[in-house]
Amino acid sequence: MEIWPGPMEGVMSAPFVRAVNRLGLVERWMTPFLRLTTACPRGKHLKTFLEPFAAGGVPVTVQLMGVDPDVIGEAAARFRDLGAAEINLNFGCPSRQVTGGGAGGGALRHPDALLRMVERVKTFLPDLPLSVKLRTGWSSPEEARHLLPALARTGALDRIFLHFRTVSEGYAPTDGRETRLAAAVAALETIPCIVNGDIRSAAEAHELAATTGASGVMAARGWLRDPWLLRRIAGETELPDVEMVRPSPPASSRRHGRPRTLPLTAAGKRGNPKAVEREGESRATGRKRGVTHRPRSDSDELDDPFSSKRALLTTLPVEVTRIRRKRGTKGFYFPVSRKRRNARKAEGSEMRSSSSSRVTH
């Protein structure tokens, strides 16, 4: 059975990938999608994208997404020259920013164009495996009964990765996973199918593969919950307990059973003036309106990882403007109250008017 880590956009940063490689948590990679629009990126950009994954010494499947088959085919050929083991086409991303332009899961609304893209990209890769990752349909899982056999008849694909939800369902809780995937695997017949969606344990992965007849499984969010999940599925037993390596949050960092977060203004977000004023009171008194807190002890300060950072933030006044730094660096933003901002504008306009009047006279 093939075991794959799911590609996760916004999660698989270079430090994340290097850590996974160093711990040996995967036997293969599928990169997050690289979205292509009007032209193929330069070679150095493609190399930078691939480098963290390739450094692990395991086969890397590069996932591409777009609407122009020629641009995708050119990029796929360049990745082949850089050492990619396989190219995967993303037809499953449910993000509205993606589907609105016809890419990702939006391609499922136009099956004929999707089939033409697969056939066209394969002409750029006669000697390299090509696969697709998609969902069971745009709005109904019945769409897979017609699309999957058509994909098999193209003869261009070596495997298919299938998520059981439709694009319209997003990531909402959905029933019928086994039934949908079993019907899809039966429709493919000869092409290997890797099934995906809500796999949280090794037992669940093996049961899903046996029930559906799939050739393998892919875990994404479940893998984030348990970093050793893929190795557990592979049959390894002497692995750390996930509960032992994930410490529970300290008692001092929770209020009414919910995680305690950093102040609004310290998170770098703009807030309305009243919220900022309330936050200022919270910093000054250590309390929030309408909430009763137990006194903090010295042990709480030691257990709370944010205590030193919070103590630093409480020393800063709320009426601080943007901290300007060199270009390319990050900084905090502390919103200024509307009343003070208007007062500053009025003061500046008065100064300009008085200076102009002196010049005139």
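Guide: The model is predicted, and local features need pLDDT of at least 70, side-chain atom pairs pLDDT 80 or more, while totals for chains, interfaces and linings use all residues. Residues are numbered from 1 along each chain as its sequence is written, and side-chain values use heavy atoms, without hydrogens or water.

Visitor: Which element gives the most to the lining of the second largest pocket?

Guide: Helices (H or I, at least four residues) and strands (E, at least two) are DSSP runs, numbered from the N terminus. Helix 9 gives the most, with four residues. At least two lining residues each come from strand 6 (130-135), strand 9 (216-219) and helix 9 (221-225).

Visitor: Is strand 6 mostly covered or uncovered?

Guide: Buried means under 20% relative accessible area, exposed over 50%, and partly exposed in between (1.4 Å probe, protein chains only). In strand 6, six of six residues are buried. Leu-130, Val-132 and Leu-134 point one way from the strand, while Ser-131, Lys-133 and Arg-135 point the other way.

Visitor: In which sense do strand 5 and strand 6 pair?

Guide: Two strands pair if DSSP finds at least two bridges between them. Strand 5 (residues 86-91) and strand 6 are parallel and have five bridges, with Asn-90 and Lys-133 as bridge partners. Strand 6 is also parallel to strand 7 (residues 159-163), again over five bridges, and there Lys-133 has Phe-161 as its bridge partner. Between strand 6 and strand 7 the chain passes through helix 6 (residues 144-154), in a right-handed β-α-β crossover. Right-handed means that, with the strands pointing away from the viewer, the path from the first strand over the helix to the second runs clockwise.

Visitor: How many aromatic pairs are there?

Guide: A pair of aromatic rings is described by the distance of the centres and the angle of the planes. Rings of Phe, Tyr and Trp (its six-membered ring) pair if their centres lie within 6.5 Å; planes under 30 degrees apart count as stacked, over 60 as edge-to-face and the rest as tilted. The count comes to six aromatic pairs. One of them is Trp-4 with Phe-161, edge-to-face at 4.9 Å centre to centre and 80° between the planes. Trp-4 lies in strand 1 (residues 2-5) and Phe-161 in strand 7, so this pair ties together parts 157 residues apart in sequence. Both Trp-4 and Phe-161 are buried.

Visitor: What kind of pair do Trp-29 and Trp-223 form?

Guide: Trp-29 and Trp-223 form an edge-to-face pair, with 6.2 Å between the centres and 65° between the planes. Trp-29 belongs to strand 2 (residues 29-30) and Trp-223 to helix 9, so the pair ties together parts that are 194 residues apart in sequence. Trp-29 has 0% relative accessibility and therefore counts as buried; Trp-223, at 2%, also counts as buried.

Visitor: Is the phi of Asp-198 positive or negative?

Guide: Most residues other than glycine have a negative phi. The phi of Asp-198 is positive, near 60°. Asp-198 is in the loop between strand 8 (193-196) and helix 8 (202-212).

Visitor: Is Asp-127 buried or exposed?

Guide: Asp-127 has 60% relative accessibility, so Asp-127 counts as exposed. Its place is the loop between helix 5 (111-124) and strand 6. Asp-127 and Glu-86 are 41 residues apart in sequence, and their C-alpha atoms are 10.0 Å apart.
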